[in-house]
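Colleague: Could you take a close look at one part of this model, the strand pairing in its sheets? Please go through it in one connected account.

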Amino acid sequence: MSEQTIKFRITGMHCVNCAGTIERRLKDLQGIKSVRVNFSSATGIVTYDSNVTNKSSITKYVKDIGYEAKEQARLDQTSKAYIQMGWLVFSIMASVAMMVFMYVPMLSAIHAFMPYMLMIVATVTLVGPGMDFFISGYKSIKNFSANMDVLVSMGILASYLYSTLAVFGVFGMFGHAFFETAVMLIAFIRIGKYLEERVKGRASHALQKLMKLRSDKARLLSQEGKELEVMASSIHVGDKVVVRAGEVIPVDGEVVEGLSSVDESMVTGESMPVVKQKGDSVVGATINKTGVLIVKAARIGEETVLSQIINMVEEAQMDKAPVQRFADRVSNVFVPVVVGLSLLTFFCWYFVFYNFAGQLPFLWALKMAIAVLVIACPCAMGLATPTAIMVGSGVGLDRSILVKRASALEGIAKINTVVFDKTGTITEGHFVVTDIITSGAVSESELVTFAAAGCSFSNHPLAQSVVEEAKSRKLTWDAVKDFREEAGSGIACQYQGKDLFIGNEGLMTVYGIKIEAHDKIKELSAHGKSLLYVAYDHTYLGVLGLADRIKRNARDVISQLKQMNIGVVMMTGDNEQVAKSVAAEVGIDEYRAKVLPAEKREIIKDFQRHGKKVGMVGDGINDAPALAQADVGIAIGAGTDVAKETGDIVLVKNDMMDVVRSVQLGRQTLSKVRQNLFWAFFYNVIGIPIAAGVLYPLFGISLKPEYAGLAMAFSSVSVVTNSLLLKRMSFQKFL
């Protein structure tokens, strides 16, 4: 089987039930493995077996069920937006015209023709701005589903048909038409839709900013050495492009000529520019700040880091969090239930409570039934989760916290245990010389010089750290001879004609070198530091203490997590002493030492078997199995490899405090989802009975159908607006 994925943009969806219909119908196709459709972003992702079906068949099937799908297209919505705005203005003007015809005294001279004039305005409004609702409702019923537009269409048609029959005297009630209900329903719902689209656009603001970072143009360097301005999309792997100061780098690649500083804040979140020279890699969409660079393209189009980040964020926003499943189930049965309640309302007012309806019980019962139809809002429930997820992932994106799955935001909100890998996560992953103890025969600088001379030919991390220390002191040394590395022990060589040894205590013993006892050495060993003994001409000169430096805010992070009632565990492949020392320094009470990479996953499983919700924090490469096993995998310090990590959440800036921020973001997002669902259900539980007229017998309170439609439209707006409040979330407590 050959699995492939198609991403497409969908037009023609009017509410979340449309998205559900497309998902359901596509899943019925042979060869389709998975389908995800997001109404909020008008996107869909389909995974399919290319041996059974293909892209054109999928897009054609979407069209057959009443919608339009375009592969990978960033759809130009300009013309559609103008049409929608035109219909909105038209429907508002029609409503105003209705009010003028009905209530302005100077028009009394044409009173006899008024019902026909109102009917003409209503008819034009129905076939113009109202037609979208009927088309959407027809598509929904055709696909054995029922969306919000089915309810709206039924309400509009009921009021229009009754009024038309009344105009022609079918019911013997001239003057009792209510065309204004149909017209104002269309106008109010279109106003609500317009506001909903506006706030939905703000919800995806972070993703839109990312897309705008892409460079449209590039300076291609021809084989003759000439610069040609071309479209960035026409660049191929291996082409060379010239990037001048202030320009956006159009491709991912390698600098082959030039020296400059590059603003990489788009990728890393760090504000300081990074110096780039020959041999350094650069990322597309970053900004060349000073000099001129010639870059050889290595990745283009959808393979670039920026495109991978965009795809990752889009897929996260399309993923369904577990909390959404309940809302989806309710939405699927919502419309039939509301239609049933509307019919019940009509029969109750017409046959049971007709005494309260005055002289026109049929008209009153019909208006109440229509109000019930249009006030119900399945869209508010459907939008509750995806809009909060969209905004939450956008907030994270602005802070270099990349969420790869929507369910990860809910998952991280529920974790009660965080397991940290040590090296590269709690520590910098880079050894530094922290202590220098001499025997008294040489100075500190001389001891470091001897050590650096022997270590300069080694690629071992400890040896490289010694060389870096010597360079930082601006020390110089001669080249050694007869260099050899003793496996697991250290280095032996000739320096200025005499034997030089750098290594552990075992190496010194092998070569018969006596080490002086020193309390400070015992203290370093007790703290888990790596010790490099130095001997020259068979004379002990001293020892260097090295340690993997702990990140500056590690202790604060652990403290914050504990305050949030989250247990913290550290696991490492280092020995017991090193693990104990690091754990004590950062305030971790529980740790696992001498853990092999294959064992990390089993440790996570063990916590899960004991009922823990586990978040695993690691470097995203060595810890891949553990990250995948955890309820939420958090890859930290991924840099430009963000899209390749196993983690569900990627912390680009290599800042441990982003772990705390991620938990906070998850909790705030889940809180918004719950608030949205509560208000959506509460709105319908309260709104439908009021529209049905339960307050009228006691308090004389009723709701006109047009105002019920306005309330319905604004319920969706209120849900999205509440989600947008996530953008005001403050992380200052943790900065």
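**Strand pairing in two sheets**

Modeller: Asp 263 has Ile 287 of S12 as its bridge partner. The model is a predicted one. Asp 263 belongs to strand S9, residues 260–263, which pairs with S12 in the antiparallel sense over two bridges. These strands are part of an open sheet of three, with antiparallel pairing and the order S10-S9-S12. Strand S10 (274–276) and strand S12 (287–288) are at the edges; each has a single partner strand, so one side of each is left without a neighbour in the sheet. In general, the strands of a sheet pair through backbone hydrogen bonds, in a parallel or an antiparallel way.

Another open sheet is built from six strands, ordered S16-S21-S20-S19-S18-S17, and its pairing is antiparallel too. Its edge strands are S16 (427–438) and S17 (481–486), each of which pairs on one side only. From one strand to the next, the twist averages 20°.

Within this order, S20 and S21 are neighbours. Strand S20 covers residues 530–536 and strand S21 covers residues 539–550; the two run antiparallel and are joined by seven bridges. In one of these pairs, Ala 535 has Tyr 540 of S21 as its bridge partner.

A helix also belongs in this picture. Helix H17, residues 461–472, lies across S16, S20 and S21.

Definitions and conventions
Residues numbered from 1 in each chain as written. Predicted model: local features only at pLDDT ≥ 70, side-chain atom pairs only at ≥ 80, totals over all residues. Heavy atoms only, no water. Pairing = 2+ DSSP bridges. Helix = DSSP H or I, 4+ residues; strand = E, 2+ residues; numbered from the N terminus. Axes fitted to C-alpha atoms, helices over the stretch in contact; angles between N-to-C directions. Contact = heavy atoms within 4.5 Å.
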